[in-house]
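Please examine the structure shown below alongside its sequence.

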Amino acid sequence: MTMEFTDRLTRVEPSATLAISALATELENDGADVVDLSVGEPDFPTPENVVEAGKDAMDAGHTGYTTSAGIIELREAIAEKLAEDGLEHGPDEIIVTPGAKQALYEIVQALVQDGDEVVLLDPAWVSYEAMVKMAGGSLSRVDLSETDFQLEPALEDLEAAVSDDTELLIVNSPSNPTGAVYSDEALEGVRDLAVEHDITVISDEIYKEITYGVEPTSLGTLEGMADRTVTVNGFSKAYSMTGWRLGYFAGPEELIDQAGKLHSHSVSSAVNFVQHAGVEALENTDEAVDEMVAAFAERRDLVVDLLEGHGVDVAVPDGAFYMMLPVSEDDQEWCEGALEDAHVATVPGSAFGTPGYARISYAASEERLQEGIERLADEGYL
């Protein structure tokens, strides 16, 4: 029997970050010591109080279905956090999802249909493109590599990319893969264009709690953006809860109603006891988050200094735990070679729409980061 698969899937490539990780795992299974700088996963354990909250929730019998949008205690806690950021959303304007990736998928499916134009800021997280393609949308891209990955100097390019035909713009600040945090002036430029062309904007703020000396602004707080911004966040990065799969999005009630249909007919709800752990994460882990962010800042500075010592300059990130390393024009070949020869896993920039770079994740110990940079230098990759 020959199966025929849908166009919406055959036009999408697998996640490049997970593909590189799979290759690294193969090498490790063969006995190689691989320094994996490819996957965006904190190397810290989930805070113990969050783990205990999850266990307590299971012991209390919170193992069945919840309301599709999420337990009210978590949505109220999320609403309170958003209010602290200047965003006014009640619990009825929030959907809790099994991971922020699911939140993004549901929003794109709710807003984008065949032929709709979606604008991305490159380098852009790999799954944005796939999600838009699966929804039948078309992509218009703005290259930020010439402006040290900052948006403000590229606002004219963004203005040229959007039009009245643009349905959706996706903004990710702090950014994966660059770590860039966009200035208020940049976000105000986004606001002006969104209002002028009546564009809905996704503000992906999954790394908002991980910044170094800057305070990121939530796009939805700007005048004129409350009713056209969908804010996405989650628990994977700031709270080191990647495997718990917990995220959320907040937006206008009419979007919540429509996206809620997809949510209820696909995942039903996020896991019950995980949601209770999420309440604990939001309410009682500020100190643990601060400790993790301080460690990331030290690691960032270490990697920047190590690269500088080898004559490599990089755009220093203000958030997240990534940086873009300039490499050869064929970044795919460079990354494959670095993995095979130096046993260091990175992700090609072309996966993010920006060839000529490799993404390094510094969510690893200082010892492993030093080892990785030294290996790359010894094998001639720096």
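**A guided reading of the model**

Neighbours within four places in sequence aside, glutamate 280 is in contact with Asn49, Val50, Ala53 and Thr285. The model in which these contacts are found is a predicted one. Glutamate 280 belongs to helix α10, which covers residues 272–284. Its side chain makes a polar contact of 2.7 Å with the side chain of asparagine 49. Glutamate 280 is buried but has no salt bridge, and the nearest side chain of opposite charge, that of lysine 55, is 13 Å away.

Lysine 55 itself forms a salt bridge with glutamate 52, with the closest N and O atoms 3.6 Å apart. The two residues are three residues apart in helix α3 (residues 48–59), so about one helical turn separates them. Lysine 55 is partly exposed, at 40% relative accessibility, and glutamate 52 is also partly exposed, at 31%.

The structure holds 14 salt bridges. One of them joins arginine 368 to aspartate 33, the closest N and O atoms being 2.8 Å apart. This pair links distant parts of the chain, 335 residues apart: arginine 368 is in helix α13, and aspartate 33 is in the loop between α2 (16–29) and β1. Both partners are partly exposed, arginine 368 with a relative accessible area of 26% and aspartate 33 with one of 40%. A network of salt bridges links Asp33, Arg368, Glu371 and Arg375.

Just after α13, glycine 380 takes a positive phi of about 80°.

Tryptophan 334, apart from its neighbours within four places in sequence, is in contact with Leu325, Val327, Ser328, Thr346, Ala358, Leu376 and Tyr381.

Most residues other than glycine have a negative phi, and most peptide bonds are trans. Histidine 343 has a phi near 55°, a positive value in a residue other than glycine. This histidine 343 lies in the loop between α12 and β10 and is partly exposed, at 24% relative accessibility. Aspartate 198, likewise not a glycine, has a positive phi of about 55°. Aspartate 198 is exposed, with a relative accessible area of 58%.

Aspartate 198 also forms a salt bridge with arginine 228, whose closest N and O atoms are 3.2 Å apart. Aspartate 198 lies in the loop between α8 and β6 and arginine 228 in the loop between β6 and β7 (229–234), so the pair ties together parts 30 residues apart in sequence. Arginine 228 is buried, with a relative accessible area of 14%.

The bond from aspartate 122 to proline 123 is cis, with omega near 5°, and proline 123 lies in the loop between β3 (117–122) and α6 (126–134). Serine 173 and proline 174 are joined by a cis peptide bond with omega of about -5°, and proline 174 lies in the loop between β5 (166–172) and α8 (184–197).

Conventions. Residues are numbered from 1 along each chain as its sequence is written. This is a predicted model: local features need pLDDT of at least 70, side-chain atom pairs count only at pLDDT 80 or more; totals for chains, interfaces and linings use all residues. Side-chain values use heavy atoms; hydrogens and water are left out. Helices (H or I, at least four residues) and strands (E, at least two) are DSSP runs, numbered from the N terminus. Contact means heavy atoms within 4.5 Å. Buried means under 20% relative accessible area, exposed over 50%, partly exposed in between (1.4 Å probe, protein chains only). Lys and Arg count as positive and Asp and Glu as negative; His and the chain ends are not counted. A salt bridge is a side-chain nitrogen of Lys or Arg within 4 Å of a carboxyl oxygen of Asp or Glu. A polar contact is a pair of N or O atoms within 3.5 Å; within protein, one must be able to donate a hydrogen and the other to accept it, and residues adjacent in sequence count only if both atoms are side-chain atoms.
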